[in-house]
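Hi,

Here is the structure I promised to pass on to you. Have a look at it first, and then read on for what turned up.

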Amino acid sequence: MKHESADRLSRGESPIHRLSPGLKTGAVLAFILAVTLIPFRAGAAFAAAGALLAGAIAAGRVPASYLLKRALLLEPVIVAVAGMALFQPGGAAIFAAMAVKSTLCVTSVLVLSATTPAAGVLAFFRRLGVPSILTSMAALTVRYVHVLGDELRRMRRARRSRTFRRGKARAWRSASAAAGHLFVRSTDRAERIYRAMSARGWR
Amino acid sequence: MSPSAVEIRDLRFRYPDGRAALDGVSMSVEEGETVGLIGPNGAGKSTLLMHLNGILPDVHRGAPAVFIHGVPVEKKNLLRIRREVGLLFEDPDDQLLSPTVWEDVAFGPRQWDWPEAEVEAAVRRAMAEVGLDEGFGRLSPHHLSNGEKQRVCLAGIMVSRPRILALDEPTRALDPRGRRRLQSILRALDAVKIIATHDLELVAELCDRAFVLDGGKIAASGRAVEILSDERLMLDHGLETPYSLKHGARG
Amino acid sequence: MHIPDGFLDAKTIAVASVLSAAGIARALRNVRRTLTPRKVPLMGLASAFLFVAQMINFPVIGGTSGHLLGAVLAAILLGPDEAVLVMTVVLAVQAFLFADGGVLALGANLFNMAIVAPLAGYAVYRLAARPARTEAGRLAAVALAAWSSTVLAAAACAGELSLAGAVAWPLAFPAMTVLHMAVGLGEAIITVLVLAAAVKARPDLLPGFAARGREDGPRPIKDVLIYGGLVVAGAAVFVLPFASKLPDGLEAVALRLGFASRAAARPVVSAPLADYRVPGVGSLPLAAALAALLGAGLVFSLAFLIARRRLARVRGAERAAARKTESG
């Protein structure tokens, strides 16, 4: 699963890793805001932002393979949306600017995820005062995404070994049935988690 | 005459769909004991354990049937009881709910608003007790093996120094090495232990007494080795005498 | 439909963020009032579930696949306020931890997928399910709701892109809405199938659904006003200025208030597109809007007919099996 590499990388060692999660998250937000505000034709500003980012990548020892792999997944969306900008006078410049901005911003978040464990980012938002319902939900999400993903994989593998007829309609039906069952199992697990939380004093 | 560590008087419980899960259970466990709770599937072992710290029933009504060191398990005492009774659930993934090991072990103390320095000390001590070195603290749970996850869960319970430890099928997902390690950890822990399990060898090795639960009732109780060696009794309740007691001589 | 960073300008981000913050605040208030301790792990796991479910591939053509958004699924299974929170958490985790969707653009993505999608979708479901007397009718209502949630979210997204000057409205609106009318079909089918599977495995999940389809009472009027107001406000800011003949109205206001982005980026609506007329109908955006209405009617009728046939077949098979076991 794509989460694996970020998890492992975020536990590495580097000057960037050692910075506080709050500082890094704030820096990324500031970076993205600055990039967002760069006028479309200010090439020099883009170059500067790119250089800053490259420095962070190097200092954080973020492997290029990680960035490329994730960027490959996200670029098509960027290109598609930016592509719509082409249909206007001066569109080419707008397209280029948006593609560059997006890529810079996406990369900065990837660098954050590769140098900061998810728990740190969550703790930062908790300190900021984000309502505890939301941060608790987010922590549970981060924790159980893998567990549920494994359950789903096991379910689908079991189904696949029992199916002989292919076809898209069947694929949709079996995928949906798996999702439906996963939902039920998730609610059951939520009940057990609630019991475990209560047993440790949670109210 | 100090009260028993755990006393249960005629406990009855029905599931929402009407099935009787516990049909008049009475038993007591004394200070310093390690007891086994054995029985066929569906006998009500997990249900019984969940009554020890008031997870069940969902709504506490009527006269309490469970007493922990003499304190009745009812709504107003629940928070206090849950520090005294640590319950280790069957699936570590249901219990290990924080993004990192350290945060999870600290979950309990943080609920009770301990100052951060105390929390840190307690977490370090609990992790040492279960044999996890400090480096584990930063790991996320899904990188751990079953045995490691279980030890984290155990640490998360021990952190509050419960005097009673209830364990639900603790060796189910463990390999032999994990099982041996759990045994030695349990032996070293200073608490009353109630172990619900199918692992009858474990009961033979660790437990002083054993209770046979079948159909929601205590069918038999006594010294663990005697109960386990009673082949007729074991078979009658969907169990069997563990191998080491069948063919070996034990003191 | 996750808008990445770099497409929206400061004013669009600001407006969308304010609207979504208001919606989330309202949802938080509602959920807190009926919050039981077991609801938090339930919603947390629901978020994890949606996160995983959104990754499931539903093969379409060639190598492309469709995906579930799940806003209406969450609204029906958990409740509309809960769905707002669950979608919020999913989108936030995606943005901050996986770079899926912009971080500053999160406000806009939240408005589209955590406010408009679940709430407007749920409203459609309640309205469409009210006259339904059969299970087929209820499922058709679910299908329509899921489809609508996708199309409406896409419309809001198009509006945001246009307001930000990223894409010209006469292209953005028709392109996004028509594309998502097709995408919405997938959402409708998947939502119905997943819901049916879940309810079949655990009829107690939705006590009212299996029986009557009217599981909650009427929503408190304040909620309808506040949520409805937010969606209408969004429409007013993101859609109407372009739909009407005052495309520069909001821009002019924004300029005066100092919000406007660089003048060079303002889209001079490209002449060929702005003048394009669909014969008999009018401008492209208008044609797209009409197509959406037609589509809604089509989706509902189709879903109803399909559901009725399938359910009849399933019940027939069940009856045949029952007869066999009786006589066997």
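**Two helices of chain C**

In chain C, helix α1 (residues 10–33) and helix α9 (residues 221–238) have axes that come within 11 Å and cross at roughly 170°. (Axes are lines fitted to C-alpha atoms, for helices over the stretch in contact, and angles run from 0 to 180 degrees between N-to-C directions.) α1(C) and α9(C) are therefore roughly antiparallel to each other; angles over 145 degrees count as roughly antiparallel, under 35 as roughly parallel, 65 to 115 as roughly perpendicular and the rest as oblique. On the α1(C) side, the contact is made by Val15(C), Leu19(C), Ala22(C), Gly23(C), Arg26(C) and Asn30(C). From α9(C) come Asp223(C), Ile226(C), Tyr227(C), Leu230(C), Ala233(C), Gly234(C) and Val237(C). By class, this contact has 8 nonpolar, 3 polar and 2 charged residues. (Ala, Val, Leu, Ile, Met, Phe, Trp, Tyr, Cys and Pro count as nonpolar, Asp, Glu, Lys and Arg as charged, and the others, Gly among them, as polar.)

Before going further, please note that this is a predicted model, in which local features need pLDDT of at least 70 and side-chain atom pairs count only at pLDDT 80 or more, while totals for chains, interfaces and linings use all residues. Residues are numbered from 1 along each chain as its sequence is written, and chains are lettered from A and ligands numbered from 1 in the order in which they are written.

**Chain C as a whole**

Chain C has 13 helices and 4 strands; helices (H or I, at least four residues) and strands (E, at least two) are DSSP runs, numbered from the N terminus. Of its 328 residues, 55% are buried, that is, 20 or more other C-beta atoms, placed from the backbone, lie within 10 Å of their own. Among contacts in chain C with a separation of 6 or more, 75% join residues 24 or more positions apart. (Two residues are in contact if their C-beta atoms, placed from the backbone, lie within 7 Å.)

Helix α2 (residues 39–53) of chain C is worth a look too. Its 15 residues reach 20 Å from first C-alpha to last, close to the 21 Å expected at 1.5 Å a residue; the expected span is 1.5 Å times one less than the number of residues. Since 14 of the 15 residues are buried, α2(C) is largely enclosed by the rest of the structure.

**How the chains meet**

Within the structure, α8(A) and helix α4 (residues 80–98) of chain C pack at an angle of about 60°, with their axes 10 Å apart. They are therefore oblique to each other. Their contact includes Met137(A) of α8(A) and Val89(C) of α4(C), and by class it has 9 nonpolar, 2 polar and no charged residues.

Chain A also touches chain B: 22 residues of chain A are in contact with 25 residues of chain B. α9(A) again provides the largest share of the chain A side, 8 residues. That side has 12 nonpolar, 3 polar and 7 charged residues. No contact joins chain B and chain C, whose closest C-alpha atoms lie 10 Å apart.

Best wishes

Definitions and conventions
Buried ≥ 20, exposed ≤ 12 C-beta atoms within 10 Å, placed from the backbone.
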